[in-house]
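Work through the exercises below with the sequence and the structure open beside you. Try each task before reading its solution.

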Amino acid sequence: MRNGTRILLTCCCATAAFARDEIKRDFQQTTALPAGRMLRVVHSLGNVTVRTQAKAELSVQAAIHCSAGRAEEARIFCGQIQIRVDESPTGVVVRTQYPHTDGFTGWRNLSYSVSLDITMPETAPLELRNRFGAVTVQNLHAAAKIDNGNGRVTLLNGRGRQRIDNSFGDVEVRTNEGDVTVVNSNGMVTASDITGTLEIGNGFGDVRVSNIGRGLTIHSGNGKVDVEHVTGISQISDSFGDVRVWDAKAGVTVRNQNGKVEAKEVTGSADLSTSFSTVNFSRMGKDVTVRGQNASVTGAGVGGSVNAETSFGVVDLREIKGGARVIAGNTEIRLSDIEGEVYAKTSFAGITVLSAGGPITVESANGSVTAVPKPGPCKPVSLATSFAPIRVTVPPNAGYNVTGKTTFAHIHSAVEMTVSGDISAEQITGKIGSGGCELRLMNQNGGIDILKSR
Amino acid sequence: MIFQCSDLERALRTPELLPEMRAHAARCETCGRQLYLWTEISRLAPELHREWESPFLWERIRSALAAEASSRRPSPAWRWMLAAAAVALFAVWLARPWQSGSARDLLTDAALQEVQQTEAAYTHSIDRLSALAAPGLQQSPSPVAAVYREKLVLLDSAIADLKANAENNRYNGYLQAELASLYRDKQKTLRDWLTQNAKRN
């Protein structure tokens, strides 16, 4: 009991000893801001909230907080903080001015902050600068330029061209009729329901974007990029972060490094590149171009053609309405259900082409080649490799003019063939059926099998 | 003496009172039941008695007593720290610096003390992480290392800027929160680099 009393007493004494006086002073001023005039706000060390009204009137409210060892000191200091509302040739300027608080001015052990609450005409342009505080602007139907540092910026229900510069804080733009530009560093950027174009530059932070009415440009560094529902052309660059694009109604270009690229349901053409990661696309409306370095490429369901180049990563393409041109190095290529022409080239890995509707050309080295053309009218097939087998399955009722050649291995055909010229195990010339399309099979140190379709 | 049930324990310790107690128990049902229980315990307890060898028991008791004695020795530093912690907790609770809103725009002394302690802990952690990360980070020619270096430079510059501002506005809660956020970011960046570097190696 005695101990408890002692602790309580100690706490009370300590609290009393820690007592620090805090003063709050309110500021309020209303002034006219006629149509066509702009509002400039220069503030720091506190939040700024901007609301709008139909009236051509500006209302500024400030909550000024000061604390010091003595109440009198805090009161005097608070009294010296000025919120200036001045008319300028272009409109009205609201400026927060703090007394100097360095050691030479006599102000010590003081602390302070000012939060501004502004109500302005909804059609007046806004230029706002703030540091060390959050900024919120809502329902502004005019252009805004917000320059903030060390604080979150939120822009809601805007109309007009908006520009936001920020550092060390997140930026959120929700609903804007007009173009938006956001330049941020070290913070997340979120933008949704923008009817105009959207341009985002961000370093060291994720970007999340949805429902963009026109063009989209994102330059990101070291952060994830997530894009959904874009009507205009999208151009995205990133590094060290994954990029995901879903439901784009126009063309998409993604340049990434050291991060995944994923594109889904892109109506327009797509140009995708990355390194040291993966590219994945599906349900694409038009042509797809992929450039990868040390990157695997996977794609399915493309309305146009696919042109892919990569190295040290598997290429797997399926259900392509157009052609597929794939150049890879040191990696496997798998292509199936390709309606158009196929060209595939790699080394030190196998190439498999299944159900190809167009001409097939394969150039490989040190890797097996398997080709199965689609049944129907014949298309030329040219397969070449070395140190690995070639297997081609001939569709039923297809006619080919066959030329086959290998070294240090045999040619075997399960399909009936009319042979002409010299007959040897390493070389063959002849016709399958009544001939027609060229079937050219070239190998070195690897066998050739001509198989019958089941 | 007017015997009551509350006198039972005293009577059990005093043989002179036993006859009177027994007489009372014969008339009183409550006391009779209690006396019966005590008598049964006294009868059965000796049968339950067991003995076994325990050569180290006394040594353990002695060392435990010695340890307890030393922990009871007055320790001004320890007491001061306990008191400081109690005061800080109490003052922080009173101040409730975690509450948002204008009421907490400015910190109290106790809250500032808490913040400074947290900052010191972060600085300590960051120093240790920096010492671990520095050799690999500075020497690595990889683009990833370049990105981490760039981010750390950016964070260091922002921390210096914030500290300069907080120097003359120490009780500003926003500045202190931002500073803490930057320290967190720097700590995370160093940790991420170390994790990534470990994976690569």
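**Exercise 1: Parallel neighbours in chain A**

In this predicted model, strand S19 (residues 225–230) of chain A pairs with strand S21 (residues 243–248) of chain A through five bridges, in the parallel sense. Task: find which residue of S21(A) stands opposite Val230(A), and state in which sense S21(A) and strand S23 (residues 261–266) of chain A run.

Solution. 
- Step 1. Start at Val230(A); the residue opposite, in S21(A), is Ala248(A).
- Step 2. Go on to S23(A), which is joined to S21(A) by five bridges. These two strands run parallel.
- Step 3. Check one pair here: opposite Val245(A) stands Ala263(A) in S23(A).

**Exercise 2: A strand with two partners**

Task: for strand S7 (residues 111–121) of chain A, work out how many residues are buried, and in which sense S7(A) pairs with strand S3 (residues 48–53) of chain A and with strand S4 (residues 57–68) of chain A.

Solution. 
- Step 1. Count a residue as buried if 20 or more other C-beta atoms lie within 10 Å of its own. Nine of the 11 residues of S7(A) are buried, and the strand is mostly covered.
- Step 2. S3(A) and S7(A) run parallel and are joined by six bridges. In this pair, Gln53(A) faces Pro121(A) of S7(A).
- Step 3. Between S4(A) and S7(A) there are nine bridges, and the sense is antiparallel. Here Ser59(A) is opposite Thr119(A) in S7(A).

**Exercise 3: The overall form of chain A**

Task: decide whether chain A is a compact globule or more spread out than one.

Solution. 
- Step 1. List the secondary structure: chain A has two helices and 43 strands.
- Step 2. For 454 residues the globule rule gives 22 Å, but the radius of gyration of chain A is 35 Å, which is well over that value, so chain A is more spread out than a compact globule.
- Step 3. Look at the box filled by the C-alpha atoms of chain A: along the principal axes it is roughly 115 × 65 × 40 Å.
- Step 4. Note the burial: 39% of the 454 residues of chain A count as buried.
- Step 5. Consider the confidence. The average pLDDT of chain A is 92, and 94% of the residues score at least 70. Residues 1–18 of chain A, however, have a pLDDT below 50, and this stretch makes 15 contacts in the model beyond near neighbours in sequence.

**Exercise 4: A helix in chain B**

Task: explain why the length of helix H7 (residues 143–167) of chain B agrees with expectation, then say which of the residues of H7(B) are buried.

Solution. 
- Step 1. Place the helix in its chain: chain B has eight helices and zero strands.
- Step 2. The buried residues of H7(B) are Tyr148(B), Lys151(B), Leu154(B), Leu155(B), Ala158(B), Leu162(B) and Ala166(B).
- Step 3. To read this list, recall that an α-helix has 3.6 residues a turn, so residues three or four places apart point the same way.
- Step 4. For the chain as a whole, 21% of the 201 residues of chain B count as buried.

Technical notes:
Residues are numbered from 1 along each chain as its sequence is written. Chains are lettered from A and ligands numbered from 1 in the order in which they are written. This is a predicted model: local features need pLDDT of at least 70, side-chain atom pairs count only at pLDDT 80 or more; totals for chains, interfaces and linings use all residues. pLDDT is the predictor's confidence in each residue, from 0 to 100. Two residues are in contact if their C-beta atoms, placed from the backbone, lie within 7 Å. Helices (H or I, at least four residues) and strands (E, at least two) are DSSP runs, numbered from the N terminus. A residue is buried if 20 or more other C-beta atoms lie within 10 Å of its own, exposed if 12 or fewer, and partly exposed in between; C-beta atoms are placed from the backbone. The expected span of a helix is 1.5 Å times one less than its number of residues. Two strands pair if DSSP finds at least two bridges between them. The radius of gyration is taken over C-alpha atoms; the globule rule is 2.2 Å times the number of residues to the power 0.38.
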